[in-house]
Structures are given as structure tokens and as C-alpha cells.
Amino acid sequence: MNKKLRKTLRTLSIVFIAFAVVFTTVSNMTVMAKDFKPTALTDGDVATSKISSTDTNETTIDGIEWEKSLEKLDNGEYKITFKVKGGDIQQKPKPLNVALIVDRSGSMDGNKFKNAKNAVKKLANALKDIKPARTVTIQLITFAGDVTSKAYSFGKDEDSQFGDADGNTNMHYAVLKANEWFKGKTNADNYAFILGDGEPNRHLGDPWISHDCVIDGKKYAIRYSGDHIKPTKDAGDKLKSLSTVFTLGYGLESGSAAETLIKSLASKPDYAYTSNPQDISEDITAIIDKMLSTIPTATNVSIKDVVTDEFDIVSDSGTAGVALDVRNKTANITVGDANSSTKEFSFNVRFNESKATFEKDTYVSNKNASITYTLNGKSESTTSFNNSPSIHYVKKVGYKIVLHENAINGATIGTIPGEAKVGTALDANSYVNELEAFLTGIYANHVIDNSTLTSINLTKNADTNVIHVVANAPTKYKITVYRDSIDSGDVVGTTTEISGHVNDVIAANTILAEANAIAAREPNYVLVTTGVTDATLVPGGAENNHIKLYMTKAKTSVTIQMHLDDIDNGKILDSAKITELQAAVEFYPLTDASTVIEDLLKAYPGYKINGWDGERELQADSSKNVFRFSITKMDTTAKVIVVKTEDQQNPTDIPDGSAVKAFTELKATDTFGESDYGSFVTANTPLGYEVVGVNPSSSITLSENEEANTIIVYIAKKSTFATVTVYDVTTDSPVFVASRIYENLKATDEFGPDQYNDFVDSAVPYGYKEIDPRDSITLNETGNDIIINIKRMTTAATVKVVDVTDGGQKELGTKDFFDLFVNDEFTPSDYNQFVDGVLPEGYEVLGTRPTITLSVEDADNVIVIEVARIKTNATVRVMHEANKEVIAENAYSGLYVTDAFGHVHYKDFLDTVKLENNQSFVTPYGEIAKLDVDGEKNVIEIYVRTQSPSIDKPKEEPKKEETVLGLPSIATGDTTNVMAYAALLLLAAGVVLGTYKFRKNKK
């Protein structure tokens, strides 16, 4: 028999037994509880088969997909199964390509650029270490007016690759370079990071001149004007199609065009950050965390699952990779790397019915499981699997419905018992037929009190699962109210007959409520409530249950209200009450309450009665006996006097020239202050004056006595200051030199040169002159500026070049240099070109070329450069022609460079050289056209030749040996050499012939 058939037969058996029990019970006239509808599931069935990451209330965790399921087994156990796979994560992670685009324009200079570089290095290092198995390529692209793009280099010289912060902002060029770099990098995880601190002021356009901005082989020109934002944004849209883009706006003004651009470049709104130098490290950390969380690489995956209290783990039921801790109800599952294949793990549990509670009918198999994994090879992450599968199981409890006579605490007539699930809504209305069956016979005149037919939610405590229902006999009652006395008095009113039940208790509060409703018809009478108690209803109808009360005349009181200005709409200032008055009596407030009115007025001096209510009859309801009168302020006048004074005093006589004004149509007790008379004081306060005091104070409470309403306002010259500033206007942009503030001055006074001459004289540097006269000004009260413009004085300098060779004073050249600034240094670099230009060849400057500080007087600015001819030496050397042996030598000193040196200078020396009889000069004279400064180069060599001994024929000079193919020429006539070579040739021929014969004989 299969599982499904067994389950069906078991269900039919239970239904049959239940039907038999009900049928037998009804036949025996035993009242039972109303049947409840059976639930769709029987105890132990699986209510929820599985929970997965694809459910609407779940999300895939970092690319990891999972499923947790529950299956009931034939042996009563349950199998919990986990299925895990990596979704789109590859076992070999995709390459990671990152472009770091960094602003190095001039606005980034200083600590700002230093902090930015540290932040970018932090990002680069985080990406570098993301996972050893992943190929990570990082490109650093920095931009100013130009762009550099290179592979990021890690190491001690990391800072140097960023370059220096200087120049304009051409973000467009940098983004285009990034697009070019990402081109072709498909099947990879591509990311870009852009850091900038300003709005672009350059972009690339079509070339109009040749330029080195090359993108994809095409040259571009830098555009200096136009819309720089749109090209950058267009390039950024392309970048977002090639990569995931994060941006960081560095120190940008909120709402600026630069901030809007940097946010638009990010792939998502939450990928854009704005920062300042103080919190850039915090923001870059957030960017790193967010960037890493988007890179799907999870490894070392493990799951920890804890079974709920109602289930027990079956030991040794886990599959491979599942470690069970039965005592702590924990399963530890080792998944490993999450890849595209599905991995399955399972273990078994049993349901422990003793741990089931009354409150639940479904029980989850395990608590929220937690998954632990390594994300991107770096940080440990833990996330919970929400929800778990569950089974159906219901635990029931007893209840009863009890029927009482006449009241809840009355005698018990009968009881209906039953059993149902905890939490079931039990409604007594469902048992009316069963309850009425108990009322037949002795209780035939009783009926069910429908007001007691209530419902309850069953709890696990059976003693509290009780509904009490009342049955009683009907009757009626009524209530009558009389005037002055019961029965003999006039009837004020009677209620209609009210339904009730015998033995019902009508509470005194209920009786009084009905009586008061009748008493309301006589507003000047009051109900006498003394002796009113609860009433118990008896059989016989309303006449037997007649409840009577009476009324007597009421005491009342009057309230007198004092209103401001208007009786109907004026504010209530005060009130008083007059008690122990008789209702329905005429009341005249101005006479009957005159003393009360006088007492109320005492608290408001300066006021008078303005109107009052007329007389009328008093009501028992004292709230209707309110009589009103209104008061209003008395008319008065105030006076304001404006007095010029240096001392705040109250003069007995108002000085001449004081301003006086009377303010009329004022009201006593009002506040009269600066807002009322300020315009008058302002109009009478001359320029440069201010209020220095008010007597008695700036505002007063007006009195009806007009003499007391006088305010004296004292005015005096305002204290002010003046600033004297000296600017150097030598160039187009003035340069601040010095400034001094003069305080404790008085407005409208004169402030002139005598007061600031000493400062200006000390502030003007030597060599400057004032270009405007020193002025006097009339001081105002808000601050006074005097500008002294100075300009550097110009002067001239003269440079003379003088030849002092051998004590002479020959002037070689003079030049005047104009438009120089006094007190500047005039250095050799200023006049070297002139001196070198007039310096003849062979001359040198004597001493050091001087530097002078230029004076105002041109005559003091003269530089004399002394030059002299350079001296050198020369040597005449007589040498033997054959062996270069020196026969005689003479040195000549004190010669001048560039002069000629010839035989006329050394002929006398040659005359002293004695030659042998067979010797003669080959070249008797030599000449140096221009002597060199290096004496070693100034050498004239005179050669001597030894003649042949023959007197008739001088010995011929040996001819140079000529050779043909390396042999001496016969034409030379050198017989010795000829014979030597002939002998060698004969020897060679003999060797060749001998060798030939030897080989022939050998053969």
C-alpha cells in the first residue's frame, strides 16, 4: 500500500468515527458543541515545502542563489535540504579593469592634492588585493589642461606618477582617454573612478591646428571657449556604457554646475559622492566598500543552520559536507566556492509534539540559517536566510457555555461543553437553540438575554474558556418627577414604560439619568436626589415598578465680567461672582453690583467705563447669569525732545536748537516707545550724530497725567574710524604696502595729512614717490578710507668699458641704461651683453664685474669695467731635420694675444745660432699670424739640414721608397735590396719543387 493511499484511508476513518460519535450523542439528547470545519491539512503535513532566494521577500546574496526545502518521510521524520549555486559567478573570475581618473589642475595644489593622492592610492591598493586568482589591471589617467595615461605603478614612487597640480581643467580629454582604454575589454568587470574639484574649462573639438591630443588615432584641438559641460557629459555617457562609474566631487559648492556634472557621470545616484579635504578618507572608504560589493566573487561559502525547539536532529542523517551537533540542534554545512553548478546538502529531523504550544498551528523546521563567505577574496560577510519551511499541527483545549438565571451570578441552569483549537473564536450566538432547550418546563417563562451572548478567543487555560449567558422573566418600569412634593405636587414629567426583567436591579445612576432628563424641562428647579437608591424589579408590570422623585426651587449666582473696549468682542480682563441669589428675580448690574464693579476698576487706573449690559431675570443655571461691562483707556498726550549734548544730563531748561514734538491722540497705559517717535528723532538727528541716551528710558507707560509723559533723547557725534592704506601702483595691479586704522574719531570732523603724515612717511619705501597729493576728508559715521598711491621711481645707469693695458685709460665703449627702478640691484646679467659686445678680441675684464644698488641720482649709477689685453708667450726652436734634435731654443714673454709673431722678432736669435760647416737652415723663417692665449701653442720650429761631404755635389735628399706589390722598386737602384729579394724568390722556388717531387715519389 503506497503512502498516498494509506493517508487517504486514515483520513476517511477519522471522519467516520467522528460522524458516529456525533450521531450517537444527538440520539441521546446530550447537548454538544457545534462542529468546526476541518482544516485543509492534517497534523504533521508539510505546510510550506520550500523557501528560496527567488521568493518575493528574498534577494540573491552577492550572486549566491539558495533554496531551503522540507519533505515528510514515511518513517515520520522530515528531510531538510539546502541547494546552493553561484548564479552567474564563474569559477575563474573575469578580469578586473579599473580606470582611475584624477584631477591635477591648479586648484588641486597643496594639501588638497596630497589628500586626494592618498585616497586614490588607498582605492588602488584595495582593488589590487581583491583576489589573487583575478587579473587586475589599473590605469591612472590624470588631467589638467593636458592628460597623462599610464598603467598604475605600485611602490615607493607611487606619488611621482600623479605629476604636479597645475593648469586648467580638461575633464573631457581624460574621459575620452578612459573610453579609448576600455575599448575592446569585453567579458570583463570594468570600473571607472572620477575625482574632480571644479567645473571643466577646456574640451576637445575638431582640429583647426595640428595638436598632440590623439584619441583612436585622430588628432583633436583643445577648445578654450564654449560649452565645456556637454562634451564632458556626452563622453561620460559613453564611459557608463563601457564600465561601472563611481565619482567623487572634491570640495564642490552645493548646487553648482560642477557638482551637477560630477553626479551625472556616476552610473547610479548612490555611486556619486561629494567630499572635502577633511572627510575624503571616509568617503573613499565608502566607495571602496560599495565598489567591492558590486564585484560578484564569493568563495569559502559555509552555512550554519539551527533547528527550532519543536524539532530534534536525527543523528548521522547528514549528507557529505554536513556536520551535525545534535545537542545544540545545529547543522554546519561546508559549501566551498559558489559556482554555476548546484550543490545539495540534507539532514533529517523529528517533530517533538511535547514542545508544541496552543498558540500555533504551523511550526517552522529551522531558525533563520546564516551564510558565511569570503567576498572578493578579502572581507568575511555573513547574511541570514529569511524564513523556513513549516509543518501543520494543532493542539486543542476544552471550553463551556454556562446558562444562568436572571443574572450572571445567578443560579446555573445548564452547561454546554466542547473542545477546539486555541485561538478559535467561540460565539455564543451559535448555541442559542441548545440553550433554549434548557428553558422548557420549569423555566418556560424565561427567555435568553441576547445582550449576554458574547464571544471569546480560546486560550490554552481551559478554566478561562467560559461564556456566561443569562435567562430571565420580562417586566416593565417607569419614572415620574413632581414639583415641590411627591404625589401632591404638579407632575413635571413621566418616562414611557421601560422593559426589564424580574429581579433586574435598576441602578440609582440610571434612575437619576432618566429623572434629570425630565427635570431639564424646569430650568429654575433642581431635582432632589437624597435617598435615591438602586431598585429591584418585581412582577406585575410598570405600576408595581413605579419610581418617583420631586424638584424644588434652585439657588443661583451672578458673574460680573469686565471687558476691554467692547462688551461683545473685547478681551475679558477680570470677573467676580455674587452668590446665594434667588432664580427668576430681576437683576440691575450697575446698582445691585456697583461695589463689585468699583473693586474691579481699581486694578486698572487710567481706564473708564465704556458700556454695560441691561437688567434681566436671573436663571437657575448660573452660567446664564453673566452680566458684562466694558472699560476703555483714557486719552492722553506725550512730548519728545531731541537735545544735542556730549554729557547725558537732564537740563532744567531745554537748550536752544532742541527739537520738540507733542504726540496727541494717545491712550493712557499704552507703551510709548521708539517705534512711535523714532522717525521724529531720525529726522532731527543730523548726519554723523547718533542717539547716546534717553531719559527716562526708550519707552514709557503713558499716564493720564500728560505732564508725566515727556521723553528726552540725547544725541552726540558718532564715534568713527579712518583707514589709511598705501598701495604700490607701479604695475597695473595695485600691491598692498601698509595700512593703519585711526580710531576714536568723530563723525563730521576733518581728518587730514597732519594726522597721518608720520605713518605714510614711514610706510613709503626708499625709491618710491607719491603720485597724488595727500587729502583731507570729512569723516562719515560708517568708516573712512584714504588711499595713498605710490610708484617706484625710475633712474638710469651708465656702463663704461676702459682699456687700462699698461696703465692706459682708453675708453672702448659707453652705454646708458634707462627706465630702471631705484633701489633695485643692477647686476652683471643686466649689462654683460653690452660689455661682451664691445670687448675686443684678446681682451679680458679685470677683476669682478660689480653689482650696484641703484640710486635716485643717475650720476651715482656708473659702473666702470676695466679691461686689458691678454699677454702670452712664444718659443722659437731650432731643430735637426733628420732626428728632431733641438739645436737651440729661445722663449719670448710679454707678447699680446692676437698679435702676429714673425722673423723680425726672432731674427736676432737666429743670428746667434752657430751651425756646423755642413749644416744649413732648411726654412730660415716661420710666422704666427695670431698668437694664442695658450703659450704652448705659440711655437715656431726652424729646421737645420746636414749637407753631403762632396763639395762639388751636395748630397741629395733620400727619395721616398716606392713599392710595387710590396717589393722594392728596381727603379730605386737599391741593389742590395734587389739581391736580397732575388735570393728569397729562389729559395721559395726550391721549396715548391722539392715538395712536388716528394709527393710524386710517394705515389
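Helices (H or I, at least four residues) and strands (E, at least two) are DSSP runs, numbered from the N terminus. The structure described here is a predicted model, in which local features need pLDDT of at least 70 and side-chain atom pairs count only at pLDDT 80 or more, while totals for chains, interfaces and linings use all residues. Residues are numbered from 1 along each chain as its sequence is written, and side-chain values use heavy atoms, with hydrogens and water left out.

**Backbone angles**

Most residues other than glycine have a negative phi, and most peptide bonds are trans. Strand β55 (residues 810-821) contains Asp819, whose phi is positive, near 55 degrees, although the residue is not a glycine. Asn406, in the loop between β23 (396-405) and β24 (412-421), also has a positive phi, of about 70 degrees.

| Residue | Relative accessibility | Class |
|---|---|---|
| Asn406 | 18% | buried |
| Asp819 | 65% | exposed |

The peptide bond from Asn695 to Pro696 is cis, with omega near 5 degrees, and Pro696 is placed in the loop between β45 and β46 (700-701).

**Helix α10**

In helix α10 (residues 594-601), the buried residues are Val596, Ile597 and Leu600. Seen down the axis of α10, these residues fall within an arc of 100 degrees (taken from the directions from the helix axis to the C-beta atoms), so they line one face of the helix. The face turned away from this buried side carries the exposed residues Thr595 and Glu598. Among the elements against which the buried residues of α10 pack are α9 (589-592) and β39 (607-612), where contact means heavy atoms within 4.5 Å.

**Helices α2 and α6**

Two packed helices are described by the angle between their axes and the distance between the axes. Axes are lines fitted to C-alpha atoms, for helices over the stretch in contact, and angles run from 0 to 180 degrees between N-to-C directions. The axes of helix α2 (residues 111-128) and helix α6 (residues 280-293) come within 10 Å and cross at roughly 25 degrees. That makes α2 roughly parallel to α6, since angles under 35 degrees count as roughly parallel, over 145 as roughly antiparallel, 65 to 115 as roughly perpendicular and the rest as oblique. The residues making the contact include Ala119 and Leu123 of α2 and Ile284 and Ile288 of α6.

Notes:
Buried means under 20% relative accessible area, exposed over 50%, partly exposed in between (1.4 Å probe, protein chains only).
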